[in-house]
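Work through the exercises below with the sequence and the model open. Each task is followed by a solution in steps.

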Amino acid sequence: LDGTFKNITILDSNKVGNAVNRISLTVTVLDAKKAVVAPPLGTRFILAGLTSRLTPATDDFHLDSKFLGPPEHEAPEIQPKGRWYRDPTDRLWKIEFVVGQCLPPAPFTLSFVLINPAVTVEAQMGARRTLYLEGLDSMRIPNQAYFQVDVLRGGQSVRLERMIALEATNVQGTFNTIFLEYFFNAPPMTGTEFIVDKLLGSMSRSNPELKVMWEREDGSQVEGVGNFDARLGRLSTVMPVDSVSTCRQDGTCIRGTRIKLSFQIYNPVNLQEPYTLESIVRFCALPSQYGCAAGEIQVVGPVLSDGDVLGGVQACLPVERKDNCSVCDGDDTLCRGCDGVVNSGKVVDQCGECGGTDACFGCDGVVNSGVTIDRCGVCNGTNDCENVVRDTQIVDWPHIALNLTIVNAPGRTAITDAEVFSIKKSIADAIEFPAAAVDVLVITNAPEAKGRVSIRRHL
């Protein structure tokens, strides 16, 4: 059976460098009399000319196919097992698939996923690709159907086009679900980090393992975790799964460029102006089997949200009561310390002690290291005070110097190593450095003089 092709169109979903790109090919098959026919069982199609440097050759290449006909035909959707390979004869990359079931006489759409190149000279020059499509075996369609397309170019940067913020309730002191929806121009993949700021005023404590629910564009959900810093009002969370890009039975395709996430924190206890959230995304475009190196992460944003949250507009309903933590209809658990006492303020320190002071840390910031400050004020020093200045290298950049006045508790005449570390940690937290990056160089213990503490950042 001889035939020809008609009305060949091929489209892609984005032109972002290194991004997953869903490509759709639509074609009509005609017989020798120019009538629309169904490709017979066993017809082998070959699409040649596309290139994707990051997509490895495979005999299990996934294709979404849709053969569209009159409603009475109930045209099936098939997902053929295709090949993606490089032909050693002409050195062209090719997609090959075989018709494996009887089909109605109708146009068909074939869609598949390849990975865009990064920024290339070819993309910058606006070159177009010449492809050909041929049919073999059960139906002979010569490879004369050459056509030029503008696909698989890459070269564009990721854009965060919109962020929407919604909340489940605005009642003061209640557990609230925050919903965020992101719209990109390319599908985000595993390892993409979302940083959300201005989550201020919440009664929730900091939580490095806050539950985050992810919803992909096809409606599937995956559970992940995020780090909520109550002091900064910041949530950072990493996408645990790739976006989904597929085509539905009705012929519409999901690009995977939209992602939703949700999490729960407490509303403020008092009325406050609601906050417009601000988000930065460290975007990974490559699928999880490839992963993103540091140089392949694209930072997008900051973008302000459409919609405000955490206003605490409504007071508790009359039928509800506030507990001792000011939580509507609560049970005092939110503000109960690790000692079981409400509002005691006690928490488990990094040494596992309730209400502790991180005393197990040495002056080097390492747990149970046993390293202490010598009589010259040097961490892990040798008590050789004559060489302290000579052995200390002062770095001009970057460094920060602070003078602090420390008032001892009544009856106290000395400061312990644990207290020195607490000073280092407090300063480190304030400037968002790790504690090990802060040095306490000198403490002068003179009643009539102010204590002098200098800190510096290690390069």
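A charge sits over a ring if NZ of Lys or CZ of Arg is within 6 Å of the ring centre and within 35 degrees of the ring normal. The model is predicted, so local features need pLDDT of at least 70 and side-chain atom pairs count only at pLDDT 80 or more, while totals for chains, interfaces and linings use all residues. Residues are numbered from 1 along each chain as its sequence is written, and side-chain values use heavy atoms, with hydrogens and water left out.

**Exercise 1.** Find the ring over which the charged end of Arg83 sits.

**Exercise 2.** Find the disulfide, and give its handedness and the accessibility of its two cysteines.

Solution. Step one: look for a pair of cysteine sulfur atoms within 2.5 Å, which is the definition of a disulfide. The count is one disulfide. Cys351 is joined to Cys360, with S to S 1.8 Å.

Step two: take the torsion about the S-S bond of Cys351 and Cys360. It is about -90 degrees, so the disulfide is left-handed.

Step three: sort by relative accessible area (1.4 Å probe, protein chains only), where buried is under 20%, exposed is over 50% and partly exposed is in between. Cys351, at 30%, is partly exposed, and Cys360, at 17%, is buried.

**Exercise 3.** Classify the ring pair of Tyr182 and Phe184.

Solution. Step one: rings of Phe, Tyr and Trp (its six-membered ring) pair if their centres lie within 6.5 Å; planes under 30 degrees apart are stacked, over 60 edge-to-face, and the rest tilted.

Step two: for Tyr182 and Phe184 the centres are 6.1 Å apart and the planes at 10 degrees, so the pair is stacked.

Step three: check burial. Tyr182 is buried at 0% relative accessibility, and Phe184 is buried at 1%.

**Exercise 4.** Which residues of the largest nonpolar core touch the most other members?

Solution. Step one: a nonpolar core is a set of buried Ala, Val, Leu, Ile, Met, Phe, Trp, Tyr and Cys residues joined through side-chain atoms within 4.5 Å. The largest has 32 residues, and those touching the most other members are Leu180, Tyr182, Phe184, Phe194, Leu199 and Phe263.

Step two: assign strands (DSSP runs of E, at least two residues, numbered from the N terminus; helices are runs of H or I, at least four). Those supplying at least two core residues each include β13 (175-184), β15 (207-215), β20 (258-266) and β22 (298-309).

Step three: list contacts of Leu199, meaning heavy atoms within 4.5 Å. Beyond neighbours within four places in sequence, its partners include Phe228, Phe263, Ile265 and Leu310.

**Exercise 5.** How many bridges link β13 and β20, and in which sense do the strands pair?

Solution. Two strands pair if DSSP finds at least two bridges between them. β13 and β20 have nine, in the antiparallel sense; Asn176 stands opposite Ile265 in β20. β15 also pairs with β20 in the antiparallel sense, over three bridges, and Glu215 has Lys260 as its bridge partner.

**Exercise 6.** Is Leu310 buried or exposed, and where does Leu310 lie?

Solution. Leu310 is in the loop between β22 and α2 (388-391). Its phi is near 60 degrees, a positive value in a residue other than glycine. At 0% relative accessible area, Leu310 is buried.
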